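Please read them alongside the sequence and the coordinates.

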Amino acid sequence: MYVAVKGGEQAIARSWDLLAASRRGDPRLLELELAQIREQMRLAVARVMLEGSLYDENLAALALKQAAGDAVEAIFLLRAFRTTLPRLATSLPLDTGAMRVRRRISGTFKDVPGGQILGPTADYTQRLLDFSLAQSGAEADCAEDHDPLPHPLPNVLDTLAREGLIEAETIPVGDPEPPDLTRSPLMFPASRPARLQNLARADEGWLLGLAYATQRGYAESHPFAGEIRMGEVGVSVCPPELGFEIDIGAITLTECQMINQFAGSKTAPPQFTRGYGLSFGEAERKAMAMALVDRSLRAEELGEDQLAPTQQQEFVLYHSDNVEASGFVQHLKLPHYVDFQAELALIRTLRQQAADLSQQETRHD
Amino acid sequence: MTERQWQYNFGFLDENTKRMLRRGLLKAVAIPGYQVPFGSREMPLPYGWGTGGIQLTASIIGKSDVLKVIDQGADDTTNAVNIRRFFARVTGVATTTRTADATLIQTRHRIPETALCEGQIMVFQVPEPEPLRTLEASEVETRKLHAHQEYGLMHVKLYEDIARFGHVATSYDYPVLVNGRYLASPSPIPKFDNPKLDRSPALMLFGAGREKRLYAIPPYTAVESLAFEDHPFAVQRWPHVCALCGSGDSYLDEIITDDAGHRLFVCSDSDYCQAQRTLQEGMA
Amino acid sequence: MTRPILSTRGLCKDYGNGQGCFDIDFELYPGEVLGIVGESGSGKSTLLATLAGKLAADRGQVRFLDRDGMAHELTCLPEAERRRLARSEWGYVTQHARDGLRMNVSAGANISERLMALGERHYGRLRERAGDWLDKVEIGADRLDDKPSAFSGGMQQRLQIARNLVTQPRLVFMDEPTGGLDVSVQARFLDLTRRLVHDTGIAVIMVTHDLGVARLLAQRTLVMQRGRVVETGLTDQILDDPQHPYSQLLVSSILQA
């Protein structure tokens, strides 16, 4: 007998309860505190802040807790909250050259002014499960304070730029206001500021895969990691009614400057080109992937063939947002009875016609 | 009536965002069928689940509106329940399931069977606003095709369908030409509903949140479903009537009732079906 | 007196590195087939694309006379107008079938597309016209529902001809139409094209690196070298008595072949 799809409200309320219970897990165990997530899951927090486009470690930790650790869901929660926030001020451009550097490495020179600074990285660990972490309570060794790092630390690429070996980073004519992709739709062809904004918010997995593809031949970019730096950068605003700058705090950033194959023409001598990546927190994988994809999306501007999907703006930028992608992929869960019924009716008609036709043919034989 | 949550602005969106959306809607009404890009906001519901429709509804809903929300023609499907509850919480306006009583109807995949009248507004949730998208992936290209009204590609598709199947093999989201100018997607409604768009007294608004486009069909605008002279447009018909209300002219859902594959056909429009039954009970 | 359907004065497309085409002057009359011959890099394809408005000219004029006798200056034509002319007055046959055909739809759809773009909405009539044209280009109406990918290279090029000529354009651009074909297949294609062009009275501008191809099709030929026209005249005249050393080289090479 036909069971009406009534009672939707009740069913939904019940599913909320089940979700909350699943999130909490075994109630005999201590509940996670936001400070624990913020301090001990800092890379997950950084990803949620970055792709959620909101630098707030506590809110990102809350989103991660609410999403039971699902990064994409946490990003979605943070984004939906962010959209309701008023815009109080726009920060002045950040100066990553003035960064309080905690890590800075270059893959292009054996030594650089200021030296290679490894900082907190898993790069040189052996990836063996550390069973001492299985027991809580073990005290971590406090890092000893070494000589203070030189500050500010010059950027490696500046040396090349002074020689004219790498393209200059010049402010575009008129220094136009960059677009805000959370306020105005992405339109094509997308300017580099719009592209970089999209890539900064882009899903890390998507960027990583695309970046990897550029290295394996789906684009031609021949990259070198010119410089990767991580540390704290001051943020300041200059309210027009006050007319002077106010320091409002500092955020952790990772910046990657890739040096890529040179371009040149009859009129311009060959120069290395740049790919740029920037992320919140300690997020080197994301910043490097972003720099590779940024460079491959510059194909048109640099007069290169655009044969690979990684060079096609629409392909890369339209599919980079994991909140959009996750929603649309999963919307297939929603009822589609009506359209499916339409397809059923159609396919039955077509099959009936085919059957009639073959029957007629048999009769003619 | 649900109590409105005062922590949020009326309709969830801030007033500047609503103004931006309404400017977009005015443009859309002025150029029927043209897809207006807009600064779609991130909503507390997933993309693909009606964020475009929700934003449009939020931008035009007023305190005196009566809201109906349907999905698959029914008021009680989970997503419709969810969206109706959302608006109840952030606006506190009256909601209804009765088509005739509603001033504003947000829908996914159907147009109600009860004829709409002047003053009513339909808001459609649109997953893919570009009717040419499956034929041409690039947005830059499709915008050019619209600008130059070059719709040969769509006709090629219809030709090819007839050559292969003897029919146009599109049963929902059937492309329409609005006001003789813009090719548009009617959203994934079954083609059964397409004739209801033509010269409707109601205002039809379409919102695609993820794709950041909105468009409109103003009241009494000509909406033509593409076809050939010798293969005219036709809607779905069933050899059955609704098993619940006996209606023979409504769109039917097919329900599998047991493991032996027995089926039942019932109205997809739950309000219409209920009204028909009430009418019969009254007469009995 | 007949007026030229297309005339150019001082046409230049300069890529800035010595490549492009420079100071091109010629006139094309209705029903005439003009060959543009030169080796690769001589600027002949650039010239063709510039004439058809696919590339923006840097200097000079291109005047086109439509079927109503109205003149259009193509170098400053708005995009919408250019597209209208491309739909209703011109055809474009490319070297690679995949650039000129829709490979994923049937031959019938390929031929019908331009008719539908001009407003034909009767499926039966579309089928009939498309079938007629498949017969005319010796593919056969029975292949109406086959996709071009099932066709040989020669058939694909003939399908391009049918797809373009079905709307009776007045001018067809051909870019190395025989470039990818074997010599034996070329001959059939050229023979057919010559017949159809003659019957329909359309004008053709055909780019080819092969003077032999020009000989079979073109009444008049421009010889191009390094972006410039070095010799122009009746094709037979150029073959019999080439004046420019480069034309002499081209002629001697086909005589040897």
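1. In chain C, among contacts with a separation of 6 or more, 65% are between residues 24 or more positions apart. This is a predicted model, and that holds for every point below. Chain C contains 10 helices and 10 strands.

2. On overall dimensions, the C-alpha trace of chain C spans about 55 × 45 × 40 Å along its principal axes. Its radius of gyration is 18 Å, which agrees with the value near 18 Å for a compact globule of 257 residues. Of those 257 residues, 45% count as buried.

3. Chain B has a domain assignment with two entries: domain 1 covers 15–225 and domain 2 covers 237–284. Taken over C-alpha atoms, the centres of these two domains of chain B are 26 Å apart. The contact between them takes 14 residues from domain 1 and 7 residues from domain 2. On the domain 1 side, the residues that touch domain 2 divide into 4 nonpolar, 5 polar and 5 charged.

4. The largest nonpolar core has 142 residues, and those with the most contacts inside it are Met122(B), Met204(B), Leu205(B), Ile36(C) and Val204(C). Both domain 1 (15–225) and domain 2 (237–284) of chain B give residues to this core, so it lies between them. Apart from it lies another core, of 58 residues, including Val45(A), Ala190(A), Leu253(A) and Val293(A). As general background, nonpolar side chains in soluble globular proteins tend to be buried together.

5. Gln72(B) is not a glycine, yet its phi is positive, near 60 degrees. Gln72(B) sits in the loop between strand E2 (66–71) and helix H3 (78–91) of chain B. Is Gln72(B) buried or exposed? Gln72(B) counts as buried because it has 25 C-beta neighbours inside 10 Å, where 20 or more are needed.

6. The other angle is in chain C: Glu176(C), also a residue other than glycine, has a positive phi of about 50 degrees. Glu176(C) lies in the loop between strand E7 (171–175) and helix H7 (183–200) of chain C. With 21 other C-beta atoms within 10 Å, Glu176(C) is buried.

7. One peptide bond also needs a remark. The bond that joins Phe188(A) and Pro189(A) is cis, with omega about -5 degrees. Pro189(A) is placed in the loop between helix H6 (156–162) and helix H7 (192–201) of chain A.

Key
Residues numbered from 1 in each chain as written. Chains lettered and ligands numbered in written order. Predicted model: local features only at pLDDT ≥ 70, side-chain atom pairs only at ≥ 80, totals over all residues. Domains from an automatic or database assignment. Contact = placed C-beta atoms within 7 Å. Nonpolar A, V, L, I, M, F, W, Y, C, P; charged D, E, K, R; others polar. Helix = DSSP H or I, 4+ residues; strand = E, 2+ residues; numbered from the N terminus. Buried ≥ 20, exposed ≤ 12 C-beta atoms within 10 Å, placed from the backbone. Core = buried A, V, L, I, M, F, W, Y, C linked by C-beta atoms within 7 Å. Rg over C-alpha atoms; globule rule 2.2 N^0.38 Å.
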